[in-house]
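User: I would like a close look at one part of this model. Please keep the answer connected and brisk.

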Amino acid sequence: MHHNNHCLLCGSSRFRLIHKRGQWTYLRCRRCGLVRLDPMPSPEELRQSYHTYLPDSENEVEKWEAMMRPVVVKSARIIEAESPPGRLLDIGSGYGFFLKEMKQRGWEVEGIEISETGRQYAKAKIGVNIHAGQLESLSLPRDSFDAVTLFYVIEHLSDPLSTMKEVNRILKPGGLALVRWPHSTPIVRLTGPLSKRFDLYHSPYHLYDFSPLTMTMLLEGAHFEAIKTLVGGYTLPDIRINRWCSIITGILAERICLMSRGRILIPGVSKTTIAQKIELTS
Ligand SMILES: [Zn+2]
């Protein structure tokens, strides 16, 4: 475990404690608002904890696939609105739900997955190449993908900035990154002490919690442009409260949504951010 003294995004050393669960605390940067776990588990501690992260009964995998289905379909449509079929890499591909969808839509797909269970499953079910290990250690060729996706991965990374820089490097100029991320801090702040019971940060698994602003800062720092944060495939200003309730799965979200008559979840559900690798004009 180690302590970071400076904010990854803005360099500030002033933080406020916003959440505590056992030995883990969550600190919010006073300047940019980035939330992070403190102390951070070491890479070795993280590797250990992911060996048992994915469920492995067939029944549970099917339930998970059904729950992810709307996200998979909406994300596929978002990508297809921006790019014709090409080469796609899904980082943290899990059981390959998204790879399966994109392969059916004519994309040439591959994945990266740390869990052996996930890799075996995806290889057997959809017959695609899944790399083991981490993006940074694979040294994939530069300018080689039309799209790179990360579903519920960015919040787990010890250095999301260097990962997104590597994503940028392997994308073709004009290529698209799609990042799906939980936005838990507004709910944690609104539910106060209750949030301890819900464990929204899934401590110690979520190392960071982003907001639309800090996600934009992260992607700008990794040399992306045309950064847009969407919810369920709709842009933020178009969202109506009733849609919010319907796109959320899970008892907690539903309960808070009902309790607050739809008001509270507005800032606090998963977001999708898309961004383009800067296209050089020369
Ligand atoms: Zn900061």
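How many residues does the largest nonpolar core have, and which of them have the most contacts inside it?

Analyst: This is a predicted model. The largest nonpolar core has 59 residues. Those with the most contacts inside this core are V148, A177, L178 and L218. Strand β8, residues 171–181, gives the core its largest share, 6 residues. In soluble globular proteins, nonpolar side chains tend to be buried together.

Some context on the chain. The chain holds 282 residues, and buried ones make up 38% of them. Its secondary structure comprises 11 helices and 12 strands. Take the contacts between residues at least 6 apart in sequence: 66% of these join residues at least 24 apart.

Now A177. Residues up to four places away in sequence are not counted here. A177 then touches V148, V167, L171, F224, I274 and A275. One of these, V148, is itself among the residues with the most contacts inside the core.

Next, W181. This residue lies in strand β8. W181 counts as buried because it has 24 C-beta neighbours inside 10 Å, and the cut-off for buried is 20 or more. Leaving aside neighbours within four places in sequence, W181 is in contact with Y152, I154, E155, F210, M215, S270 and K271. Take S270 from that list. W181 and S270 are 89 residues apart in sequence, yet their C-alpha atoms are 5.4 Å apart in space.

Helix α9 spans residues 212–221, and helix α6 spans residues 160–170. Their axes come within 8 Å and cross at roughly 50°. The two helices are therefore oblique to each other. On the α6 side, P160, L161 and M164 make the contact. On the α9 side, the residues are L218, L219 and G221. L218 is also one of the core residues with the most contacts. The crossing of α6 past α9 is right-handed.

Strand β9 covers residues 208–209. β9 belongs to an open sheet of 4 strands, in the order β1-β2-β3-β9, with antiparallel pairing. β1 (15–21) and β9 stand at the edges with a single partner strand each, so one side of each is left without a neighbour in the sheet. For β9, pairing with β3 (residues 35–38) is antiparallel and runs over 2 bridges.

Definitions and conventions:
Residues numbered from 1 in each chain as written. Predicted model: local features only at pLDDT ≥ 70, side-chain atom pairs only at ≥ 80, totals over all residues. Core = buried A, V, L, I, M, F, W, Y, C linked by C-beta atoms within 7 Å. Buried ≥ 20, exposed ≤ 12 C-beta atoms within 10 Å, placed from the backbone. Contact = placed C-beta atoms within 7 Å. Pairing = 2+ DSSP bridges. Axes fitted to C-alpha atoms, helices over the stretch in contact; angles between N-to-C directions. Parallel < 35°, antiparallel > 145°, perpendicular 65-115°, else oblique. Left-handed = near helix turned anticlockwise from the far one by under 90°.
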